[in-house]
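Dear colleague,

I am handing over the model we spoke about, with the sequence alongside. Could you look it over before reading my notes below?

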Amino acid sequence: MNAELTYFLKVNIAIALCYIFYRLFLYKDTFFKWRRLALIVFFVVSAFYPLLNMEGWIRSHTPMTAMVNLYATIMLPEVTIGSQQQVGTNWQELLFSYCTYIYASVCLILFIRFIIQFFSILRLRKHCSKAMLKGNKIYLLDNPSGPFSFFKWIFISKDSHTDNELNEILVHEKTHVEQWHSIDVIFSELFCVICWFNPFAWLLKHEVKCNLEYLADNRVIKDGHNTRTYQYHLLELTSHNKAAATLYNSFNVLPLKNRIKMMNRKPTKDINKSKYLLFLPLAAVLMIISNIESVARTAKTFAEKILPEQSLSIEKNVNPSQELANYAESGFSTPPKQMASNVKDSLNKEPIFTVVEQMPEFPGGQEALMNFFTKSLKYPVGAKKAGKQGRVIAQFIIEKDGNISTPCIIRSVSPDIDAEAMRIIKMMPKWKPGKQRGKDVRVKYTVPIYFSLNSKEIKNSNLPEVVTVGYTPYSPKTEEPVFQVVEKMPAYQGGMEGLMHYLASNIKYPVDAQQAKAQGRVIVQIIIDENGNVTHPSIIRSVSPSLDAEAIRVVSSMPKWTPGSQKGKNVKVKYTLPITFKLDPPVKVKK
């Protein structure tokens, strides 16, 4: 979803929420000036809140960071790259293109209608004769139409009203003129031109017009005119109802029933003005949710920059060798000896950071890194013949001098594809090292590389990754598809709370990870099959080999889920789980 469409959806969602808020809290009070301000604020906030940047504030608050991570890992689906995905994408793009043309066409028609109405008022003003009525300049209508005003112009059919009625009309229309009510009408009209498909935008426009009439009616009553006589006067003009679809402020705008009710209603107590302040929390929530969306998109791309603060219990009764054995059994290509050496290396050398103030940088930046991989990678011949494809995730350490060390594969596809990824990792030139507090430090870095067969066009997923395309003869596959999103998503027995309880109760903190002070979030991807079994666990974000192995062990031991379904049929669904390992700070003993 591009930024423009995201912004547009946020605006329309805000309009709907603002209208609901208005109907719940403000609809029946008599604070007409406050209501006028609130209605305009609704439109302004809806238009501008998606543009406000609160990312820094969200990142600095732990609860907000936790929400970001939940959104990024669970609510943002991973995009699968391949030939089948490409067909769906083309159809979606075609449908989106048609919808865009339809939307733009209706906007154009409504805007032309707006311009015609505007110029019809200008033409009417030009052809109407001018006169003075009780010291006020008016424009005389030729036919017995209902009186109305537009900005500072008042239009009246003078011969159709008695002197008392003319006095009421003048007070009413002068209120519209003096308080510049036409600005509110035009503003709400243009909003409806842009958001024409949103019924709540039209409902808010209607409330704007009605509230302006309440203001003018209230002024007439306060000016000393008889309420009952004025209401009868309004009823006599009900036949002139064209004003409901025009830009001007009409004396006899409908619905009259609501206007008469408002005139007879007792004034609302001043203490009830405090409920207008309830809009402030709503506006704050809208801005937070809007920025969580953008931060979460960034988190999906640069997951290392955000670490949730959820802690899992630490137990020190696990044998490190057993941890490495579990990791080897999980199906990763990195052998136990290499993992053991990596753990030993992290214990004997300076600490390895996951996030630093200044992250390492490939010479030329991220784009240069992608170009380096794209030009250097070659699709292994054996993998092509075997029809092997998928994402390899490689991890390495960028040393203080910028050199690459201890490369390993944390997500495997096949031995020859893994070998090709490792070959390119070792070929990389020196990086610009990461810095923490102005000092060069060792930083762990992860690169996803996607190998795809028979794909004419590849689009990057939310993670920045290198895509390598190979070609092989087509052979039909009988394996059922794995869905990303389905009508009914899989559910853990006991819901999300039950899942969190299971993870917290069963995860054991590896001893070697405690000694190395390794902590962070491991992201595990699983497939829930048609029977609810957890299959194909894999690591898509690594912290350390032993922590990854523990995450795989616990996920693999999970009980059955309630399977996902599509069109009433149970299907395989890919699911992503974030598991956070965090060491408690040492307890200081008071002497």
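What follows are my notes on the whole chain, on the confidence of the model, and on two of its elements.

Please keep in mind that this is a predicted model, in which local features need pLDDT of at least 70 and side-chain atom pairs count only at pLDDT 80 or more, whereas totals for chains, interfaces and linings use all residues. Residues are numbered from 1 along each chain as its sequence is written, and side-chain values use heavy atoms, with hydrogens and water left out.

The secondary structure of the protein comes to 19 helices and 16 strands, where helices (H or I, at least four residues) and strands (E, at least two) are DSSP runs numbered from the N terminus. Of the 591 residues, 47% are buried, that is, under 20% relative accessible area, with exposed meaning over 50% and partly exposed in between (1.4 Å probe, protein chains only). Among contacts (heavy atoms within 4.5 Å) between residues at least 6 apart in sequence, 77% join residues at least 24 apart.

As for confidence, pLDDT (the predictor's confidence in each residue, from 0 to 100) has a mean of 76 for the protein, and 74% of the residues reach 70 or more. Over residues 299-348 the pLDDT is below 50, although the model gives this stretch 105 contacts beyond near neighbours in sequence.

Strand β7, residues 390-398, is mostly covered, with 9 of its 9 residues buried. Strands count as paired if DSSP finds at least two bridges between them, and β7 pairs with strand β10 (residues 439-453) in the antiparallel sense over 9 bridges, isoleucine 398 having valine 443 of β10 as its bridge partner. Strand β7 also runs antiparallel to strand β8 (residues 404-411), to which 5 bridges join it, and here glutamine 395 stands opposite cysteine 408 in β8. The hairpin of β7 and β8 has 5 residues between the strands, and glycine 402 takes a positive phi near 95° in this hairpin.

Helix α19 covers residues 545-556, and its 12 residues should span 16 Å at 1.5 Å a residue, which agrees with the 16 Å between its end C-alpha atoms; the expected span is 1.5 Å times one less than the number of residues. This helix is mostly covered as well, since 10 of its 12 residues are buried, among them Pro545, Leu547, Ile552 and Val555.

With best wishes
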